[in-house]
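Please read it alongside the sequence and the coordinates.

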Amino acid sequence: MSATTFRHDDRTFLLRVIQPALVGMIDGTVSTLAPIFAAAISSSSHTALVVGIATALGAGVSMGLSEALSDTGEETGRGSAVVRGAITGAATTLGGVFHSLPFVIHDVHTALVVAGIVVAIELFAIAWVRYRFLKVSLRSSLGMVTFGGAIVVLIGVLVGSS
């Protein structure tokens, strides 16, 4: 296999798998934070769990459809719309579900701390994928994803406290 072919295969993998998964993981992780944290602060751990799971599943369907319907892949070379949609939807769902699961813990304060740790791990994973595949500085990527996550958590806290 020539070096040119290998680079083409890497680019194809980036466009058809990594990019849709990264979009989904970022959306699932960040967009679900506000409703989950708002529900936890204003109600209970159980409510936060239910809201988190519902939000993650709904966001997964929405993002999967958005990705699949936004680009057939024919003009851009990004591959099958259905496959990209499935990857994006699954990654979105996983991104939202992981930090919802700590709310099985009955004590909401403990659940919030554990969820915060899970979110930190998720944000690091996103930054690492951006570093590994998009050649973005790990420090810069961590800063950007943490800043975005912090804004959304703040929105959830403010709405949940109102």
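The expected span of a helix is 1.5 Å times one less than its number of residues. Helices here are DSSP runs of H or I with at least four residues, strands are runs of E with at least two, and both are numbered from the N terminus. Helix H3 (residues 45–70) has 26 residues, which at 1.5 Å a residue should span 38 Å, and its end C-alpha atoms are 36 Å apart, in agreement with that value.

The model is predicted: local features need pLDDT of at least 70, side-chain atom pairs count only at pLDDT 80 or more, and totals for chains, interfaces and linings use all residues. Residues are numbered from 1 along each chain as its sequence is written, and side-chain values use heavy atoms, with hydrogens and water left out.

**Overall fold**

The protein has six helices and zero strands, so that, read from the N terminus, its elements run α-α-α-α-α-α. Along the principal axes, the C-alpha atoms fill a box of roughly 55 × 35 × 25 Å. Of the 162 residues, 39% are buried; buried means under 20% relative accessible area, exposed over 50%, and partly exposed in between, with a 1.4 Å probe and protein chains only. A contact means heavy atoms within 4.5 Å. Among contacts between residues at least 6 apart in sequence, 65% join residues at least 24 apart.

**Helix packing**

Two packed helices are described by the angle between their axes and the distance between the axes. Axes are lines fitted to C-alpha atoms, for helices over the stretch in contact, and angles run from 0 to 180 degrees between N-to-C directions. Angles under 35 degrees count as roughly parallel, over 145 as roughly antiparallel, 65 to 115 as roughly perpendicular and the rest as oblique. A crossing is left-handed if the near helix is turned anticlockwise from the far one by less than a right angle, and right-handed if clockwise.

| Pair | Axes come within | Crossing angle |
|---|---|---|
| H2 and H5 | 10 Å | roughly 165° |
| H5 and H6 | 8 Å | roughly 140° |

How do H5 and H6 lie to each other? At their angle they are oblique, and their crossing is right-handed. On the H5 side the contact is made by Leu123, Phe124, Ile126, Ala127, Trp128, Arg130 and Tyr131, and on the H6 side by Leu138, Ser141, Leu142, Met144, Val145 and Thr146. These residues divide into 10 nonpolar, two polar and one charged. In this division Ala, Val, Leu, Ile, Met, Phe, Trp, Tyr, Cys and Pro count as nonpolar, Asp, Glu, Lys and Arg as charged, and the others, Gly among them, as polar.

For the other pair, the axes of helix H2 (residues 33–42) and H5 cross at roughly 165°, which makes H2 roughly antiparallel to H5. H2 passes H5 in a left-handed crossing. Leu33, Phe37, Ala40 and Ile41 of H2 meet Val108, Leu112, Ala115 and Val119 of H5. That contact consists of eight nonpolar residues, with no polar and no charged ones. H2 is mostly covered, with seven of its 10 residues buried: Leu33, Ala34, Ile36, Phe37, Ala38, Ala39 and Ala40.

**Residues on and around H3**

Which residues of H3 are buried? They are Ser45, Ala48, Leu49, Gly52, Ala56, Ala59, Gly60, Met63, Gly64 and Glu67.

Ile53 is also in helix H3, but is partly exposed at 26% relative accessibility. Leaving aside neighbours within four places in sequence, Ile53 is in contact with Val97, Ser100 and Leu101.

Leu65, another residue of H3, is partly exposed at 49%. The C-alpha atoms of Leu65 and Gly89, 24 residues apart along the chain, are separated by 7.6 Å.

Thr93 belongs to helix H4 (residues 81–98). Its relative accessible area is 19%, so Thr93 is buried. Not counting residues up to four places away in sequence, Thr93 touches Ala56, Leu57 and Gly60.

**The loop between H5 and H6**

Lys135 sits in the loop between helix H5 (108–134) and helix H6 (138–161). Lys135 has a positive phi of about 60° although it is not a glycine. Is Lys135 buried or exposed? With 65% relative accessibility, Lys135 counts as exposed.
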